[in-house]
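Here is a briefing for a first look. Please keep the sequence and the 3D view open as you read.

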Amino acid sequence: MSYFLSICIPTYNGGENLKYNVNKLIKMQSDFGFEVCVSDNASNDGTQEFMKDVICKYDFIKYHRNEENYGFAYNLDYVLTMANGEYRWLLGDDDEIIEENLGKVILSLKEHKPDICVVNGGTLNTKEKRVINIKTNVYVDKNRVVEDIGEQMSWISSLIFAKTVIQLLKMKKINNNAFPHLIESFKYIDCKCNIFWLDDICVKSQTMQQIRYDNKILEYFIKDWLNIFSFENSYSKYSKEIFLKAIIKRIFTNKSILVLRSRNIINKQNVYKVKEELKHYPLSFRFKINLIVYVPYKILDKFYNIYKLVKYYAKS
């Protein structure tokens with residue numbers, strides 16, 4: 001059977017998040033007629049048993065299990081290619097689609113026929129947009145894409161690809177970076193830019209989202225982030241500088257730096273691993289990262305717990 005839209009979920013030990021996601025999509029499917037595809041990177045948490053039961057009941061759900069964990073990039077590539085929808089929406093196993101805006105997504109895809117659609121998302125409080133002050137529009141200028149919504153595109157759940165584009169992406173070949181989807185998207189856009197940005201909140205993180213890569217935050221969002229543009233490209237220097245700074249605003253606010261230090265995620269060892277990449281970031285940011293490691297994290301942890309307690313009672 002052919003579908004207009006496939007929801008493509010790469011998973012590894014998604015547990016209850018994956019179950020919640022799939023069960024929610026099952027309830028939505030009759031209204032929107034999409035396909036659900038799940039590629040499992042050899043989970044050992046009961047995912048296989050759950051999915052085998054599901055696919056016996058619903059013919060619009062596909063499930064594939066890798067023989068072993070082949071890595072994030074391979075799984076992304078596989079779940080997109082196992083689908084047969086004209087458009088294929090990547091969805092993190094611990095994210096969820098906002099049902100009331102799904103119809104708008106489908107109508108936008110049919111009307112504008114973009115190569116790639118990028119949707120806005122909500123914070124845990126879905127009333128707040130993740131990207132602000134960027135109205136719905138069609139992008140034909142690749143540099144504006146990088147400047148305005150490039151950071152948003154790092155979130156896999158914001159990306160919907162046309163079938164014709166999937167055939168040109170080589171995500172599984174990128175095993176040395178946490179953002180294969182973003183690298184391949186930027187490579188494609190460098191040659192042809194036909195991007196539709198939908199400003200409505202169409203996806204959000206689940207309330208009980210798993211924390212999977214805490215100790216890799218500096219590696220992913222400093223080292224790998226810098227190397228996203230390591231391929232030969234014709235993007236402007238200004239656009240790449242804006243993109244580089246965007247991750248500081250998203251991940252490394254002053255409050256976040258203090259919290260990451262209080263949890264000993266920002267420490268001398270982790271900072272040393274990214275010291276060469278840090279040289280390419282703004283001086284003020286480098287100064288904060290290198291200075292905060294000298295503040296005892298246990299002291300910050302106590303202050304942070306007091307702060308959360310005060311905030312809790314202030315609300316009650």
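On a 1 Å grid over the protein atoms alone, a cavity is a set of points where a 1.4 Å probe fits but cannot get out, and a pocket is an open set with protein on both sides within 12 Å along at least five of seven lines; lining residues have an atom within 4 Å of a point. Grid points are joined across faces, edges and corners, and a volume is the space filled by probe spheres set on the points. This is a predicted model, where local features need pLDDT of at least 70 and side-chain atom pairs count only at pLDDT 80 or more, while totals for chains, interfaces and linings use all residues. Residues are numbered from 1 along each chain as its sequence is written, and side-chain values use heavy atoms, with hydrogens and water left out.

**Second largest pocket**
- The second largest pocket holds about 170 Å³ of space.
- Its lining includes Trp-225, Phe-229, Lys-240, Phe-243 and His-280.
- Helix α9 (237-251) and helix α8 (217-226) each supply at least two lining residues; helices (H or I, at least four residues) and strands (E, at least two) are DSSP runs, numbered from the N terminus.
- α9 gives the largest share of this lining, with 5 residues.
- By class, the lining has 5 nonpolar, 3 polar and 3 charged residues (Ala, Val, Leu, Ile, Met, Phe, Trp, Tyr, Cys and Pro count as nonpolar, Asp, Glu, Lys and Arg as charged, and the others, Gly among them, as polar).

**Largest cavity**
- The structure holds 1 cavity of 30 Å³ or more.
- The largest cavity has a volume of about 40 Å³.
- Asp-77, Leu-80 and Met-171 are among the residues that line the largest cavity.
- Helix α3 (residues 72-81) gives the most to this lining, with 3 residues.

- Strand β2 (residues 35-40) is largely enclosed by the rest of the structure, because 6 of its 6 residues are buried (under 20% relative accessible area, with exposed over 50% and partly exposed in between; 1.4 Å probe, protein chains only).
- Glu-35, Cys-37 and Ser-39 are buried on one side of β2, and Val-36, Val-38 and Asp-40 are buried on the other.
- β2 runs parallel to strand β1 (residues 5-11), joined by 6 bridges; two strands pair if DSSP finds at least two bridges between them.
- Ile-9 stands opposite Val-38 in β2.
- β2 also pairs with strand β3 (residues 61-65) in the parallel sense, over 5 bridges.
- Arg-65 in β3 is the bridge partner of Asp-40.
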